[in-house]
Structure formats: structure tokens, C-alpha cells
Amino acid sequence: MSRLRELRREKGFTQIKIQMLTGIDQSDYSKIENGSRYMTFEQCKKLAFALETSMDYLAGLTNEKNPYPRSDQ
């Protein structure tokens, strides 16, 4: 999950800031970032929103960091 770490650092966020933005416990996020735990669909969605990217980028399905246009929902 080096993409998570890379994006988090690009934004200047700490793991605690990610916790505040997403509600994902810092220890759980740390495990996700280090690859010792998989993220759930909901966690991926929250992280993509907080890091302004797409879930596909976080999953390694694309190299395009920019998010897709989002709906107003």
C-alpha cells in the first residue's frame, strides 16, 4: 500500500489526520498502509475521498491519481 503512504505524505497528512478525516482508527490505518491488513470497501471509499483520488488508484487498477468526477450525492 505504498500508494497510500505516498498520497498521505504528498498531502502533508499524518496518520492521526487521516483518522480525523476518515474515522478509521490510526492503528488500523497503519496496518493497512504497511500491508499487514486489507482495507474494506468503505475504508477504501473514505480514503479515496480524503486523499482526493479514486478507489481504482488505491487498488492499483490505474496509474491516474486524479479522481473521477463525483456526483452530488
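In this predicted model, helix 1 meets helix 3 through Leu 4, Arg 5 and Arg 8 on one side and Tyr 29, Ile 32, Glu 33 and Asn 34 on the other. The two helices pack at an angle of about 120°, and their axes are 7 Å apart. That angle makes helix 1 oblique to helix 3. Sorted by class, the contact of helix 1 with helix 3 comes out as three nonpolar, one polar and three charged residues.

Leu 4 sits in helix 1 and is buried, with a relative accessible area of 0%. Once residues up to four places away in sequence are set aside, Leu 4 touches Tyr 29, Ile 32, Glu 33, Met 39, Leu 47, Leu 51 and Leu 58.

With neighbours within four places in sequence left aside, the contacts of Arg 8 are Phe 13, Thr 14, Gln 15, Ile 18, Tyr 29, Glu 33 and Leu 51.

On the helix 3 side, the residue to look at is Tyr 29. Tyr 29 is at 0% relative accessibility, so it counts as buried. Its contacts, again leaving out neighbours within four places in sequence, take in Leu 4, Arg 5 and Arg 8, along with Gln 15, Ile 18, Ile 24 and Leu 47. Between Tyr 29 and Ile 16 there are 9.2 Å from C-alpha to C-alpha, for a pair 13 residues apart in sequence.

The axes of helix 2 (residues 15–22) and helix 3 (residues 26–34) come within 9 Å and cross at roughly 115°. Helix 2 and helix 3 are therefore roughly perpendicular to each other, and their crossing is right-handed. Helix 2 brings Gln 15, Ile 16, Ile 18 and Gln 19 to this meeting, while helix 3 brings Gln 26, Tyr 29, Ser 30 and Glu 33. Three of the residues in the contact of helix 2 with helix 3 are nonpolar, four are polar and one is charged.

Helix 2 packs against helix 4 as well. Here the axes come within 10 Å and cross at roughly 110°, which makes helix 2 roughly perpendicular to helix 4. From helix 2, the contact uses Ile 18, Leu 21 and Thr 22; from helix 4, it uses Lys 46, Leu 47 and Ala 50. The contact of helix 2 with helix 4 divides into four nonpolar residues, one polar and one charged.

Tyr 29 in turn is in contact with Ile 18 and Leu 47, among others.

Glu 52 is placed in the loop between helix 4 and helix 5. Its phi is near 55°, a positive value in a residue other than glycine. Tyr 68 is found in the segment after helix 5. With neighbours within four places in sequence left out, Tyr 68 is in contact with Ser 54 and Asp 56. Tyr 68 and Phe 13 lie 55 residues apart along the chain, and 22 Å separates their C-alpha atoms.

Note on methods:
Residues numbered from 1 in each chain as written. Predicted model: local features only at pLDDT ≥ 70, side-chain atom pairs only at ≥ 80, totals over all residues. Heavy atoms only, no water. Axes fitted to C-alpha atoms, helices over the stretch in contact; angles between N-to-C directions. Helix = DSSP H or I, 4+ residues; strand = E, 2+ residues; numbered from the N terminus. Parallel < 35°, antiparallel > 145°, perpendicular 65-115°, else oblique. Left-handed = near helix turned anticlockwise from the far one by under 90°. Contact = heavy atoms within 4.5 Å. Nonpolar A, V, L, I, M, F, W, Y, C, P; charged D, E, K, R; others polar. Buried < 20%, exposed > 50% of the residue type's maximum accessible area, 1.4 Å probe, protein only.
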